[in-house]
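Open the model in your viewer and keep the selection tool at hand.

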Amino acid sequence: EAKRRGRSTWVIYSDEMGAKISAEAQLVRELGAAVEAGQFTLVYQPIVRLDDQRMTGVEALIRWNHPTRGVVSPVDFIPLAERSGHIVAIGGWALREACRQAAHWRSAFPAAEDLTVNVNVAGPQLRTAGFVDEVAAALRDSGLPASCLSIEVTETAVLDDEESAEAMLRLRGLGIRLALDDFGTAASSLGLLLTVPVTTLKLDRSFVESITTVGRQAAVATAVSQMATALDFSSVAEGIETDEQRVLIQSLGYQYGQGYLFGRPLPPDEVGDRWAEMNTVRTD
Ligand code: C2E
Ligand code: MG
Ligand code: MG
Ligand code: MG
């Protein structure tokens, strides 16, 4: 009996493993065809200056409109795209599309000429030979000034890696801004801040989530904002959902904020109107 159970357990486990592997392989195949099939879209989340709550930029966030699975979150396919190498084509598409759309908003809303667009770039993409040239081409083809583009990379993506460091230096040379995304979550060393040429720290939303004046999150958030100021970086806090969080984050010295309080990610055709709505001079 024990033997039979053991065996059948093993069989079930093995079937599940096999099913999981083939489902993943299937998803990888579909990912490989999804750019050509036009299944990706970008949505844009406002980034606001906390002082006056004006929208100064947007972060481009990718969505996969899968024909049978519906909208797939980047959390569920970006890691797979990184492992399979498809991230290079997918990320390249996202970069060109974001530049194209940002250039369009600038011409449709001349007062929004300083609006920046943030694009997430994965480690394997950043390390690909030719990535910097691809960025330069995306700017040239779209007509977007380099000063209006910010590239977001995570600490883990650039840790101890010469190719990344070199690509980042060249991006800075083009005049593009560089943000360290999800700052504070990775097991990175602070020494990274001395070697990577970033312009912005984005405090991860886990520190904002349950922030109170007396808690540990506030202590870490304070340290990060002070470090940003001392190093002459700008600081953004992610995941601000409530007015209490906004007030507290601002009191800790953050210059910019992003989160559902200011706005959820928007489809591209709503960005211009939202910008106008948030940036109209109010007299009250
Ligand atoms: P991220 O770059 O840290 O982006 C912020 C994520 O937090 C977004 O999730 C956004 O929708 C979500 N968020 C914003 N405000 C709030 C809030 O107030 N509360 C909560 N709970 N969440 C908030 P999303 O769009 O699902 O993206 C998840 C991650 O996928 C991104 O995290 C980024 O790492 C990755 N990603 C998205 N688009 C791309 C892309 O084009 N390329 C690459 N390589 N990665 C991408
Ligand atoms: Mg990001
Ligand atoms: Mg982030
Ligand atoms: Mg994040």
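Select ligands 2 and 3: these two magnesium ions are 3.7 Å apart, and aspartate 181 coordinates both. Donors here are N, O and S atoms within 2.8 Å of the metal (3.2 Å for Na, K and Ca); water is not among the atoms, so sites may look incomplete. This is a predicted model, in which local features need pLDDT of at least 70 and side-chain atom pairs count only at pLDDT 80 or more, while totals for chains, interfaces and linings use all residues. Residues are numbered from 1 along each chain as its sequence is written, chains are lettered from A and ligands numbered from 1 in the order in which they are written, and side-chain values use heavy atoms, with hydrogens and water left out.

Stay on the magnesium ion (ligand 2) and show Glu59 (OE), Asn120 (OD1), Glu152 (OE) and Asp181 (OD), its protein donors at 2.0 to 2.3 Å. Along the chain their spacing reads E-x60-N-x31-E-x28-D. Glutamate 59 belongs to strand β2 and glutamate 152 to strand β5 (residues 149-154), so the pair ties together parts that are 93 residues apart in sequence. Strands (E, at least two residues) and helices (H or I, at least four) are DSSP runs numbered from the N terminus.

Move to the magnesium ion (ligand 3). Its protein donors are Asp181 (OD), Asp182 (OD) and Glu238 (OE), 1.6 to 2.5 Å away, with the spacing D-D-x55-E.

Next, select ligand 1 and the 22 residues around it (a heavy atom within 4 Å). Glu59, Arg63, Asp181, Glu241 and Tyr260 come nearest. β2 (54-66), α2 (74-84) and β6 (177-183) each supply at least two residues of this shell, and β2 gives the most, with 4 residues.

Now display the polar contacts (pairs of N or O atoms within 3.5 Å). Which distance separates a polar side-chain atom of aspartate 181 from an oxygen atom of ligand 1? That distance is 2.9 Å. For glutamate 59, an N or O atom of the side chain is 2.9 Å from an oxygen atom of ligand 1; for glutamate 238, the corresponding value is 3.2 Å. The protein covers 84% of the 810 Å² of accessible area (Shrake-Rupley, 1.4 Å probe) that ligand 1 has on its own.

Note on methods:
Polar contact = N/O pair within 3.5 Å; in protein donor to acceptor, adjacent residues only side chain to side chain.
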